[in-house]
Amino acid sequence: MIRPELIAGARRWQGVIEGAAFLLFGSWIFAGGTLVWQLPGLAVMALGLGWAVNGWRRMRFQADPSAPGLIEVDEGRIRFLHPVMGGEVSLNDLAELKLVTLRGRRLWQMRDLSGARLIVPLESAGAGDLADALTSLPGLTAASLVAALDADVAPQGSTLPSTGAREHLVWTRPGSGIRPV
């Protein structure tokens, strides 16, 4: 009965909708009048606001899964399941994270301490879980990930014909010997 496009849109906005519901419920409790009701109401409103903000940030990473492959995050390991370019990297061994734009498609390029690279398209299924995993890295916040997605990275100057490839260094592990240029 319900159109699939509406269900997909509601799933994408699910965290924001849940946060807004908590915010409304908290304001209803707050309107109870006395101080006994106002303090719990404020606590529920704060919870709802945090939930909505987190849902808004996660929504940026939950695109329509049009790219091939599946991202799995399990016990500190990021797995990209793909028949050709799949792989795995540990969050403890991650040394560098770049946002790469190649022919209009945006990709996360992760390099571990041994030099192995894992390339993951942003539109792959499970990208929302990847955002939560990456924010556990030291010095990397959800706000900086969203800012990297919003940034319009200018192509580096070259006299060669452009392939449309652009790289943006998002994060490096402190003390890994990699310096941002």
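Mentor: Before we begin, a helix here is a DSSP run of H or I with at least four residues and a strand is a DSSP run of E with at least two, both numbered from the N terminus. Please keep in mind throughout that this is a predicted model.

Trainee: How many helices and strands does the chain have?

Mentor: Followed from the N terminus on, the elements run α-α-α-β-β-β-β-β-β-α-α-β. Counted by kind, the chain has five helices and seven strands.

Trainee: Which are the edge strands of the open sheet formed by four strands?

Mentor: The four strands of this sheet stand in the order β6-β5-β4-β7, with antiparallel pairing. An edge strand pairs on one side only, and this holds for β6 (117–121) and β7 (166–172).

Trainee: In β7, which residue is the bridge partner of T101?

Mentor: Strand β4, which covers residues 94–102, runs antiparallel to β7 and is joined to that strand by six bridges. For T101, the bridge partner in β7 is R166.

Trainee: What angle does the direction of helix α5 make with that of β5?

Mentor: Helix α5 (residues 142–150) packs on the sheet, where this helix touches β4, β5 (105–112) and β7. Between the directions of α5 and β5, the angle is about 135°.

Trainee: Which element gives the largest share of the largest nonpolar core?

Mentor: This core has 24 residues, and among those with the most contacts inside it are L97, W108 and V170. Two or more residues come from each of β2 (77–81), β4, β5, β6, α4 (127–134), α5 and β7. The largest share, four residues, comes from α4.

Trainee: Which kind of aromatic pair do the rings of W13 and W56 form?

Mentor: This is one of three aromatic pairs in the structure. The ring centres of W13 and W56 are 5.5 Å apart, and because their planes meet at 65°, where over 60 degrees is the cut-off, the pair is edge-to-face.

Trainee: How many residues apart in sequence are the parts that this pair ties together?

Mentor: W13 lies in the loop between α1 (4–12) and α2 (14–30), whereas W56 belongs to helix α3 (residues 35–59). The pair therefore ties together parts whose separation in sequence, in residues, is 43.

Trainee: Which kind of pair do the rings of F22 and W51 form?

Mentor: The centres of these two rings are 4.9 Å apart. Their planes stand at 25°, and since planes under 30 degrees apart meet the cut-off, the pair is stacked.

Methods
Residues are numbered from 1 along each chain as its sequence is written. This is a predicted model: local features need pLDDT of at least 70, side-chain atom pairs count only at pLDDT 80 or more; totals for chains, interfaces and linings use all residues. Side-chain values use heavy atoms; hydrogens and water are left out. Two strands pair if DSSP finds at least two bridges between them. Contact means heavy atoms within 4.5 Å. Axes are lines fitted to C-alpha atoms, for helices over the stretch in contact, and angles run from 0 to 180 degrees between N-to-C directions. A nonpolar core is a set of buried Ala, Val, Leu, Ile, Met, Phe, Trp, Tyr and Cys residues joined through side-chain atoms within 4.5 Å. Buried means under 20% relative accessible area, exposed over 50%, partly exposed in between (1.4 Å probe, protein chains only). Rings of Phe, Tyr and Trp (its six-membered ring) pair if their centres lie within 6.5 Å; planes under 30 degrees apart count as stacked, over 60 as edge-to-face and the rest as tilted.
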